[in-house]
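Here are my notes on the helix packing in this model. Please read them with the structure open.

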Amino acid sequence: MILTKLYSFQQGSCLASVDTSEFRQIACDVSWDDQALCDHFSRGLRNDVKTLLLNFLEPTSLSQVISQAIQCDNILFEIR
């Protein structure tokens, strides 16, 4: 059940800050390394957030990719 939630993680229409807390809760229950968690988290982001993330340095941890995603989402929210 937990792996299904990780594999099917999608940002949807929520702000990244809302979805990240859900993702972190699920991630606590698996023994994956940061890279695997980063990959699954990034894969589930909206395309506009992923595009904006290309302007950032490559993240080295789950915390960093989450922080960057929230920054991108906030920027996109402001220009909408």
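1. First, a term. A helix crossing is called right-handed if the near helix is turned clockwise from the far one by less than a right angle, and left-handed if anticlockwise. Note also that the model is predicted.

2. How do α2 and α3 cross? The axes of α2 (residues 16–27) and α3 (residues 34–43) come within 12 Å, and they cross at roughly 145°. The crossing of α2 and α3 is right-handed.

3. Which residues make this contact? From α2 come Thr20, Phe23 and Ala27. From α3 come Leu37, His40 and Phe41. By class, the α2–α3 contact has four nonpolar and two polar residues, with no charged ones.

4. Now α3 itself. Leu37, Cys38, His40 and Phe41 are buried in this helix. The cover over the buried residues of α3 includes α1 (2–7), α2 and α5.

5. Next, α5. This helix runs over residues 62–79, 18 residues in total. From first C-alpha to last, α5 reaches 26 Å, close to the 26 Å expected at 1.5 Å a residue.

6. Which residues of α5 are buried? They are Leu62, Val65, Ile66, Gln68, Ala69, Cys72, Asp73 and Leu76. Viewed down the axis of α5, the buried residues fall within an arc of 165°, so they line one face of the helix. As background, an α-helix has 3.6 residues a turn, so residues three or four places apart point the same way.

7. What covers that face? The elements over the buried residues of α5 include α2, α3 and α4 (47–53).

Technical notes:
Residues are numbered from 1 along each chain as its sequence is written. This is a predicted model: local features need pLDDT of at least 70, side-chain atom pairs count only at pLDDT 80 or more; totals for chains, interfaces and linings use all residues. Side-chain values use heavy atoms; hydrogens and water are left out. Axes are lines fitted to C-alpha atoms, for helices over the stretch in contact, and angles run from 0 to 180 degrees between N-to-C directions. Helices (H or I, at least four residues) and strands (E, at least two) are DSSP runs, numbered from the N terminus. Contact means heavy atoms within 4.5 Å. Ala, Val, Leu, Ile, Met, Phe, Trp, Tyr, Cys and Pro count as nonpolar, Asp, Glu, Lys and Arg as charged, and the others, Gly among them, as polar. The expected span of a helix is 1.5 Å times one less than its number of residues. Buried means under 20% relative accessible area, exposed over 50%, partly exposed in between (1.4 Å probe, protein chains only). The arc is that of the directions from the helix axis to the C-beta atoms.
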